[in-house]
Amino acid sequence: MLDLGCGGGRLTFALAAWAGRVIGLDRDPALIRDARRRVAAAGVDNVEFHEADVEREEYGGFAPELITAHLCASDAIVERAGRALAPGGCLGMVAFHVDQWRETGRVSRFAYDEARMEALLRRAGFLPEVIEVEREVKQFASVEEGLAAAVGLEDRWKADGRWHRYLGFLEAGGRTLTRSHLIVKARRS
């Protein structure tokens with residue numbers, strides 16, 4: 001198994017119980033160091049972590065039967081996965097859906113709708129088996145509740161301009177915050 005954008009390795013560790021060998025790739029050297037320390041401390045011998053930019057580097061040297069990516073999706077990642085997997089190999093992903101944080105008025109460049117994801121998968125040599133949306137819309141009674149729900153996102157949203165749009169949405173009477181993910185399973189044809 002190959003876990004793309006593995007971060008600190010939480011999913012990679014979970015997959016280790018079901019796989020002969022799991023390799024986590026992430027571009028953040030600090031996260032890779034932490035994940036390697038956890039593997040050593042746990043005495044897990046079927047997990048490895050490597051520093052790699054999964055959007056820019058091929059996944060050569062690995063022969064995965066399954067590639068996973070959790071909230072780490074892009075056209076380049078899907079295309080590289082298509083080149084790395086043998087026919088019959090599986091890609092499992094959770095990607096941002098275009099409705100993710102829709103109240104901010106800005107769609108992430110990493111967000112997909114169902115049609116765009118299906119087209120990408122087919123171009124990369126995959127046969128889609130599952131493409132579905134998992135959506136949670138929180139409702140608020142007040143502006144204060146809406147602000148409290150986004151407290152962990154404030155710095156990031158201020159940096160990319162979403163914060164002011166979200167404030168405007170709340171001030172205009174909006175009382176929701178949407179989390180929306182695209183769940184994908186596809187087989188290499």
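**Rings, cores and the whole chain**

Six aromatic pairs turn up in a search of the whole structure. The model is a predicted one. Phe13 and Phe49 make one of these pairs, a tilted one, with 5.9 Å between ring centres and 50 degrees between planes. Phe13 sits in helix H1 (residues 10-16) and Phe49 in strand E3 (residues 47-51), so their pairing ties together parts 36 residues apart in sequence. Phe13 has 23% relative accessibility and counts as partly exposed. Phe49 is buried, at 3% relative accessible area.

Tyr166 is buried, with a relative accessible area of 0%. Phe169 is partly exposed, at 26%.

Is Leu170 buried or exposed? Its relative accessibility is 0%, so Leu170 counts as buried. Beyond its neighbours within four places in sequence, Leu170 contacts Val143, Gly146, Leu147 and Arg175.

Now turn to the nonpolar interior. In soluble globular proteins, nonpolar side chains tend to be buried together. The largest nonpolar core here has 27 residues, and Leu4, Tyr59, Leu91 and Phe126 touch the most other members. Elements giving two or more residues to this core are strands E1 (2-4), E2 (22-26), E4 (66-70), E5 (90-97) and E8 (176-188), plus helices H3 (75-84) and H4 (114-123). Apart from this core lies another, of 10 residues, including Ala16, Ala35, Val47 and Phe49.

What does Leu91 touch, beyond residues up to four places away in sequence? The list is Ile67, Val78, Ala81, Leu85, Leu121, Phe126, Val184, Lys185 and Ala186.

The C-alpha trace spans about 55 × 40 × 25 Å along its principal axes. Of the 189 residues, 42% are buried. Among contacts between residues at least 6 apart in sequence, 68% join residues at least 24 apart. The accessible surface comes to about 9900 Å², 50% of it from carbon and sulfur atoms. Charged side chains number 27 positive and 29 negative, and the centres of the two sets are 2 Å apart.

Key: Residues are numbered from 1 along each chain as its sequence is written. This is a predicted model: local features need pLDDT of at least 70, side-chain atom pairs count only at pLDDT 80 or more; totals for chains, interfaces and linings use all residues. Side-chain values use heavy atoms; hydrogens and water are left out. A nonpolar core is a set of buried Ala, Val, Leu, Ile, Met, Phe, Trp, Tyr and Cys residues joined through side-chain atoms within 4.5 Å. Buried means under 20% relative accessible area, exposed over 50%, partly exposed in between (1.4 Å probe, protein chains only). Helices (H or I, at least four residues) and strands (E, at least two) are DSSP runs, numbered from the N terminus. Contact means heavy atoms within 4.5 Å. Accessible areas come from the Shrake-Rupley method with a 1.4 Å probe; for residues, only the protein chains shown count as cover. Lys and Arg count as positive and Asp and Glu as negative; His and the chain ends are not counted. The place of a charge is taken as NZ of Lys, CZ of Arg, CG of Asp or CD of Glu. Rings of Phe, Tyr and Trp (its six-membered ring) pair if their centres lie within 6.5 Å; planes under 30 degrees apart count as stacked, over 60 as edge-to-face and the rest as tilted.
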